[in-house]
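Hi everyone, thanks for coming. Please have a look at the sequence and the model on the screen, and then I'll walk you through a few parts of it.

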Amino acid sequence: MSGSAYDRHITIFSDQGRLYQVEYAFKAITSANITSLGVRGKNCAVVLSQKKVADKLIDPSSVSHIFRLSPSVGCVMTGSIADARASVDRARGEAAEFRYKYGYEMPCDVLAKRLANINQVYTQRAYMRPLGVAMTLISVDSENGPQVYKCDPAGYYVGYKATASGPKQQEAITYLEKKLKNKDYAEGSWEEVVELGITALSNVLSVDFKKHELEIGIVGGPRTDGKEGTDVNFRALTEDEIDERLQAIAEKD
């Protein structure tokens, strides 16, 4: 019996123990042709993504792969943008319900586990399609410090020092492994962690980015209200802030 005969129904294992429909969901992540990264710093966490506007008539401000799930947790979604938005809506609902029920913000790892559990159920039921999207979540936890978690369509989730998703995933991971060898996190200020992420993407894609070709989300950066200390709320960097980091990289070179 050929392998393709097993992929007509979502819940059937092939004779090698594979679930083809779930593997197709992983292929959908790479076919979107957007590569993204998540990096953990000493007191911050950063997510980066390419930004591609497919059509000159599209309003660029409405195109985004970086989302805020709760005040303290943000994410980058890689893959089908329609599936990503559905997944983000569910994640926001889960985080809001947790906040209402327990009186404090849902920790990043708990949210990652909940979303992974939901994804796993999608691989069991014939009337549901696995979502073709990988979610990389970041936050600065009050107990455990900076966190980077990734969930995939199979329902697997795990914490990372740094990770990547998309067509150049393996090359980006290899680059980050070299940079973070024997380190628990990217050292330096939040600016340096952002610059490491930009440099990693730039190297593996062989592209010199302009400010409108990147999206960056950060937790643990400087406070925007002018007070001292780090900001544990998630926010996306503006194009001007991204441009500053690109200039800093250019000056180093």
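Let's begin with how we compare directions: axes are lines fitted to C-alpha atoms, for helices over the stretch in contact, and angles run from 0 to 180 degrees between N-to-C directions. Helices (H or I, at least four residues) and strands (E, at least two) are DSSP runs, numbered from the N terminus. This is a predicted model, where local features need pLDDT of at least 70 and side-chain atom pairs count only at pLDDT 80 or more, while totals for chains, interfaces and linings use all residues. Residues are numbered from 1 along each chain as its sequence is written, and side-chain values use heavy atoms, with hydrogens and water left out.

First, the helix pair. Helix α5 (residues 190–205) packs against helix α6 (residues 239–252) at about 75 degrees, and their axes lie 10 Å apart. That makes the two roughly perpendicular, a label for angles of 65 to 115 degrees; under 35 is roughly parallel, over 145 roughly antiparallel and the rest oblique. Contact means heavy atoms within 4.5 Å. On the α5 side, the residues in contact include Trp-190, Val-194 and Ile-198, and on the α6 side they include Leu-246 and Ile-249.

Now the sheet. Which order do the strands take? The open sheet has 5 strands in the order β3-β4-β5-β6-β7, with antiparallel pairing; two strands pair if DSSP finds at least two bridges between them. β3 (66–70) and β7 (157–159) stand at the edges with a single partner strand each, so one side of each has no neighbour in the sheet. On average, neighbouring strands are turned by 25 degrees against each other, direction ignored. β3 and β4 (residues 73–79) are joined by 4 bridges, and Phe-67 has Cys-75 in β4 as its bridge partner. Helix α3 (residues 108–122) packs on this sheet, and its direction makes about 5 degrees with that of β6.

Finally, the cysteines. How many disulfides are there? The count is 0, where a disulfide is a pair of cysteine sulfur atoms within 2.5 Å. Cys-44 is buried at 0% relative accessibility, and Cys-151 is buried at 2%; buried means under 20% relative accessible area, exposed over 50%, and partly exposed in between (1.4 Å probe, protein chains only).
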